[in-house]
Amino acid sequence: MAVAAAGGGGGGRAQRSGWLEVLVRERWHKVLANLGGEALVLSGEERPDGAAHNGLGGDGTACRGAEGGGGPAAVRTAFTDPPEQVPEAISNKKRCVKVLKQEMGGLGISIKGGKENKMPILISKIFKGLAADQTQALYVGDAILAVNGTDLRDATHDEAVQALKRAGKEVVLEVKYMREATPYVKKGSPVSEIGWETPPPESPRLGCASAEPTAQLSLSIHRDRKTIPLKMCYVTRNLTVPDPENRIIEVHSPDAKHTVVLRSKDSATAQAWFNAIHSSVNELIPRVIAEVRDQLGKTGIAGSREIRHLGWLAEKVPGDNEKHWKPVLVVLTEKDLLIYESMPRIKEAWFSPVHTYPLLATRLVHSGPGKGSPKSGVDLSFATRTGTRQGIETHLFRTETSRDLSLWTRSVVQGCHNSAELITEITTSCTYKSQECRLTIHYEHGFSLTTEPQDGAFSKIIAQYPYEKLKMSSDDGIRMLYLDFGEKDGEIQLDLHSCPKPIVFIIHSFLSAKITRLGLVA
C-alpha cells in the first residue's frame with residue numbers, strides 16, 4: 001500500500017532505488033529507499049519486503065525525523081504514555097468508545113498487530129488533537145476488539161484497516177487495555193521512529209494526490225516502511241546537519257517542522273539521489289500552483305490575483321554566523337514577493353505572509369559567489385533589496401542548483417518589469433518650495449509635479465519631465481528626494497515626508513522595465 005501511494009502518474013519523474021542511511025535518534029540506520037511517482041519510500045533493513053507490521057498511519061503525511069524530537073510532541077506513543085499512567089481500573093475490561101471521525105484527519109490513530117502476527121489489533125499511536133485523542137478515553141495499548149459491531153479479534157492487519165476505513169463518520173470502538181502488550185507496541189524498526197506523521201493539511205488537494213479527502217489521509221498502511229509524499233517538500237543539502245564528506249541529503253516537510261536526514265555511501269551517489277528527489281519535487285510545483293489557485297479562487301493571495309512562481313529557498317539569517325541559513329517559502333505573484341515560514345495549510349494562512357514586498361520597489365542586486373555557499377566555489381545565491389518606509393530591506397537567498405538560481409533571478413527581474421507595466425503609475429504627496437504638492441511617476445510619460453487641489457479646484461501642473469530628461473536622482477535616506485533634469489535652476493528638491501527609498505526603487509524599476517522593453521539589455 002505504501003508503494004501504491006508512491007506510484008501512479010509518475011510520468012517522467014526520476015525513479016531510483018538503493019540503500020541509504022537515515023538519522024534517527026542521533027544514530028544512522030540502513031534503509032532501502034525507493035523513489036517513484038510522487039513519494040520517497042524508506043523500508044527497514046531487516047524486512048525490506050515490508051512484511052513487518054509497524055502500523056497504520058493516521059494520515060500518510062510527514063515531518064521532522066525523530067532525531068529532531070518533533071515526533072513525540074504531536075503523537076502519543078507507549079513512550080510518552082507509559083503503562084503506569086493508565087488507570088488500573090480499566091485494565092483488561094471491555095469499553096465502548098464513540099469517536100467522531102474527522103474529515104481531514106480520520107480517526108487519528110496508528111495500529112499494530114493482527115492475526116498474522118499472533119497479536120490483537122493494538123493502538124500503537126494516537127495523534128494529538130485528532131479524533132481519538134479528543135475522546136480522552138483511548139490509550140496506546142488498547143486492543144480494538146470490534147468496530148461498529150464488526151468483530152476484529154481474529155482479523156488480520158489488513159482486515160482491520162479495511163474495517164476502520166469503512167466505519168463511516170461515527171465510529172464505535174470496543175476496546176480493552178492490554179498492559180502486557182506494551183512491549184509489542186513499543187517495538188518497531190528505526191523506520192517506524194522517523195516520525196513523518198503530522199496531521200494532514202486541511203486542503204485535501206495539498207495533502208495528497210487524491211482530491212477525495214479521506215482517500216489517502218485518514219488511514220494508510222505503512223508497515224515496516226515510511227512513505228514521504230514529496231509534494232512541497234524542501235530537498236536541500238548542508239542546511240541543518242554538518243556534512244564534511246558531502247554525503248547528506250535533507251528532506252524538510254511542507255510545514256517546516258520536521259526533517260528526514262539521509263546519508264549515502266559517497267558524494268557522487270548522494271548527488272545522484274539529491275538530483276533525482278529534487279527533480280521529482282520540482283515537477284510537482286506547477287500542479288501545486290494550479291491547486292492553490294483553485295483553493296483561493298477569486299479572493300487571490302495577500303492582495304494579489306495570482307501566483308506566478310513559488311518554491312523553497314534557504315535564507316541567510318542576519319548575524320555573524322556565515323553558515324546560518326533557514327528554509328523559507330517564497331511566492332511571486334503578479335505584483336508582490338511574499339515570504340512564508342511554511343506551506344500554508346488553510347486558505348486564511350495565505351493571507352498572512354511573514355513579509356510582503358512589492359516587486360515594483362524591489363530589485364535584484366546580487367547573483368554571484370556568496371559567503372556560506374553549500375559548496376566552495378559554487379555560486380548559488382542571490383539577494384534582493386526593497387525600498388520601504390523604514391529604509392532598505394535586504395534578503396540573501398540560496399538555491400540548490402544553478403538551474404534554480406537562473407529561474408529565480410529571471411522570475412524576480414521579470415516580475416519587477418511586469419509589475420511596472422501592470423501598475424503603470426504611482427503618486428505620492430510631497431512638499432516643494434514650501435508648497436504641498438503631488439509627485440506622479442508614470443511608466444510611459446515620466447514625472448509630473450502638481451499642486452494639491454484646493455476647495456474643489458483642479459490641481460495645477462508645476463513641472464513635467466520625460467525619463468530621458470532625468471540626469472541623476474539621489475536621496476538623503478530620511479525624507480528628501482533630489483531629481484536633476486538638467487534645468488538651469490538645478491535639481492528639484494522634494495520632501496516626501498517619509499523615507500524616499502520606495503520612490504527611488506520604483507523609479508529604477510520603471511526605467512529598467514522600459515530599457516528591457518526596448519531591447520537595450522543583452
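Me: In which loop does Lys433 lie?
Reply: The model is a predicted one. Lys433 counts as exposed, at 66% relative accessibility. The strands on either side of its loop cover residues 425–432 and 435–442. Lys433 therefore belongs to an exposed position, in the loop between β24 and β25.

Me: What is the phi of Lys433?
Reply: Most residues other than glycine have a negative phi. Lys433 is not a glycine, yet its phi is positive. The value is about 50 degrees.

Me: How far is the sulfur of Cys430 from the closest cysteine sulfur?
Reply: Cys430 is buried, with a relative accessible area of 0%. The closest cysteine sulfur to that of Cys430 is in Cys437. A disulfide needs the two sulfur atoms within 2.5 Å. The sulfur of Cys430 is too far from that of Cys437 for a bond, because the distance is 5.3 Å.

Me: How many disulfides does a search of the whole structure find?
Reply: The pair Cys430 and Cys437 is too far apart for a bond. A search of the whole structure gives the total for disulfides, which is zero.

Me: Is Cys233 buried or exposed?
Reply: Buried means under 20% relative accessible area. Cys233 has 3% relative accessibility, so Cys233 counts as buried.

Me: On which side of α4 do the buried residues His157, Ala160, Val161, Ala163 and Leu164 lie?
Reply: Helix α4 covers residues 157–165, and these five residues in it are buried: His157, Ala160, Val161, Ala163 and Leu164. They cover an arc of only 165 degrees around the axis, which puts them on the same side of α4.

Me: In which strand is Thr386 found, and what does it touch?
Reply: Thr386 counts as buried, at 1% relative accessibility. Leaving out residues up to four places away in sequence, Thr386 touches Tyr357, Pro358, Ala361, Thr362, Gly391, Ile392, Glu393 and Phe505. The strand that holds Thr386 spans residues 381–388 and is β22.

Me: Which element gives the largest share of the lining of the second largest pocket?
Reply: The second largest pocket holds about 550 Å³ of space. Two or more lining residues come from each of β14 (234–236), α8 (267–296), β17 (307–316) and α9 (402–423). The largest share is nine residues, and the element that gives it is α8.

Me: How many residues of the lining of the second largest pocket are charged?
Reply: The lining has 27 residues, with His278, Asn282, Ile285, Asp404 and Leu407 nearest the centre of the pocket. Of the lining residues, 14 are nonpolar and eight are polar, and the number charged is five.

Conventions:
Residues numbered from 1 in each chain as written. Predicted model: local features only at pLDDT ≥ 70, side-chain atom pairs only at ≥ 80, totals over all residues. Heavy atoms only, no water. 1 Å grid on protein atoms, 1.4 Å probe; cavity = no way out; pocket = protein on both sides within 12 Å on 5 of 7 lines; lining within 4 Å. Points joined across faces, edges and corners; volume = space filled by probe spheres on them. Helix = DSSP H or I, 4+ residues; strand = E, 2+ residues; numbered from the N terminus. Nonpolar A, V, L, I, M, F, W, Y, C, P; charged D, E, K, R; others polar. Buried < 20%, exposed > 50% of the residue type's maximum accessible area, 1.4 Å probe, protein only. Arc of directions from axis to C-beta. Contact = heavy atoms within 4.5 Å.
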